[in-house]
Amino acid sequence: MSWAWENRALLGHYLVQHLYLALLPVLFGVIVAIPVGVMCVRYRWTWPPVLSLTSIFYAMPSLALYLVLIDYTGLTDWTVIIPLTLFSLSVLIPGVVGGLRSVPPPVRQAADAMGFGSLRRVIQVELPLAVPVIIAGLRVATVSSISLVSVGQLIGIGGLGYFFIDGEQRDFPTEIYTAFILIIVLALLADSILVLLRRWLTPWEAGRTVRPGSRILTATSRGSSAGGAP
Amino acid sequence: MSYFQIAWQWLTSAQQWHGSDGIPVRLVQHLQYTGIALGIALVIALPAGLAMGHLRRGGFVVVTVANFGRALPTLGLLVLIFVLTSGSPASWLVPLVVLAIPPILVNTYEGVLGVDPDLTDAARGMGMTEWQVLRKVEIPVATPLILLGLRISAIQVVATATIAAYIGLGGLGRYIIDGLARDEYNVVAGGAAVIVLLALAIQALFTLLRWLIVPVGLRRQTQTS
């Protein structure tokens, strides 16, 4: 622990970089995934090609993608941010589609009957009801993104991954497990924040018990341990 | 020259296809590591997932394993075990197996748990033993999800084995790690291309497997999942 305390400034610096590299891709992912997901539900024929594309992104080893991108982006943060954005899309888009499809048809019909236009129906009725499933995907994307960033250290951009390589080179385990634990704590913390966000956004779900194997849990585990190969 | 030209040039030069560090040898090594790690993970995770799913118990354990599996930083796990075992040659195996277990476990569990209770009740009503219910009803119905878990694990392990070249493992990752160390971008570019192709081949293989293994009656339902 004394090592961590003495090096708190350095840890802090890489911690901030880590969060920036991990969360920006998730933010970009959400911005892209919602309209794309809405499109895939509205125009059904767009879903199969989008699904194939996301499963290809999903299979890409991040290290290989970083290396391909170096040629275009140089060694900048974008080299890591772009592949991580693709990974988060590969989890978030199926999440949004699954969420929108989980809205019961009678709800949609009721909205139509009340005179909602289709855009307003999507924004005010379907998306809010899809929130639990969307957030399940968001949790997977966020946690994976936080743990994946460190791989970027192999090309020199990896947030807390810095301590993995440095610790290996100096044969100094303390450094490695400090960063290791820190990354896991960050991931679990981000996960809990998203759970709170879901509760806040969907007060009507409170008290409703989620049966294991029900839609929400399945949606989590579908992409489970997912969010991109390391 | 663009990335694709560099990679293409490296891939098509004859010297890449011979000798102890040629692509065929490296590819076979890579597949061996992947196979070993997946095999061990399967032996551990599949029975566990089936048992917990069938008994409808241990949901909390499964969710915890899934969350931790996702949160574990791969590179950190690799170097940590490498340093703690003072560089033992087998130190790559533990992280690979640890990372391969959660997807298989979670999806097997979810697959069995998600089987419609009407089906299992009917099976019991027909006089099947618990073992027969598992083998003849739950496993076939859960096959799409079990295969999905296996695919996620395979992809994960292939990618992690690449990174394990950093701690001295052979396989395709060597091109990347050695290329980076020697500042030879063409080797790095070519190596990355081979790994991407391997990942795509695995995706394709599992698509094929699913088509071959999943019972016909289940295919339509699961296409949307």
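Ile36(B), Ile40(B), Val43(B) and Ile44(B) make a nonpolar surface patch of about 340 Å². Patches here take residues with over 30% relative accessible area and no salt bridge, joining like charges within 9 Å and nonpolar side chains (Val, Leu, Ile, Met, Phe, Trp, Tyr) within 5 Å. This is a predicted model, where local features need pLDDT of at least 70, side-chain atom pairs count only at pLDDT 80 or more, and totals for chains, interfaces and linings use all residues. Residues are numbered from 1 along each chain as its sequence is written, chains are lettered from A and ligands numbered from 1 in the order in which they are written, and side-chain values use heavy atoms, with hydrogens and water left out.

**Confidence and layout**
- The model scores ipTM 0.85 and pTM 0.87.
- Chain B has a mean pLDDT of 89, with 97% of its residues at 70 or more; pLDDT is the predictor's confidence in each residue, from 0 to 100.
- Chain A comes to 10 helices and zero strands, taken as DSSP runs numbered from the N terminus (helices: H or I, at least four residues; strands: E, at least two).
- Of the 230 residues in chain A, 54% are buried, where buried means under 20% relative accessible area, exposed over 50% and partly exposed in between (1.4 Å probe, protein chains only).

- Val43(B), one of the patch residues, sits in helix α2 (residues 23-55) of chain B and counts as exposed because its relative accessibility is 62%.
- Ile81(B) belongs to helix α4 (residues 74-84) of chain B and is buried, at 17% relative accessible area.
- Ile81(B) and Ser20(B) are 61 residues apart along the chain, and their C-alpha atoms are separated by 28 Å.

**Aromatics**
- There are nine aromatic pairs over all chains; rings of Phe, Tyr and Trp (its six-membered ring) pair if their centres lie within 6.5 Å, with planes under 30 degrees apart called stacked, over 60 edge-to-face and the rest tilted.
- Trp3(A) and Phe172(A) go edge-to-face, with ring centres 6.0 Å apart and planes at 70 degrees.
- That pair links helix α1 (residues 2-6) of chain A to the loop between α8 (161-170) and α9 (173-201), 169 residues apart.
- Trp3(A) is buried at 11%, while Phe172(A) is partly exposed at 24%.
- Tyr14(A) and Phe163(A) are edge-to-face too, at 5.5 Å centre to centre and 85 degrees between the planes.
- Because Tyr14(A) lies in helix α2 (residues 8-42) of chain A and Phe163(A) in helix α8, this pair ties together parts 149 residues apart in sequence.
- Trp3(A), Tyr14(A), Tyr162(A), Phe163(A) and Phe172(A) form one aromatic cluster.
- Arg8(A) lies over the face of Trp5(A), 4.1 Å from the ring centre; the test is NZ of Lys or CZ of Arg within 6 Å of the ring centre and within 35 degrees of the ring normal.

**Salt bridges**
- The whole structure holds 10 salt bridges over all chains, each a side-chain nitrogen of Lys or Arg within 4 Å of a carboxyl oxygen of Asp or Glu.
- Asp191(A) and Arg139(A) meet in one at 2.8 Å, N to O.
- Asp191(A) is in helix α9 of chain A and Arg139(A) in helix α7 (residues 118-148), so the pair ties together parts 52 residues apart in sequence.
- Asp191(A) is buried at 8% relative accessibility, and Arg139(A) is buried at 17%.
- In chain B, Arg174(B) and Asp178(B) pair at 3.0 Å, N to O.

Technical notes:
Accessible areas come from the Shrake-Rupley method with a 1.4 Å probe; for residues, only the protein chains shown count as cover.
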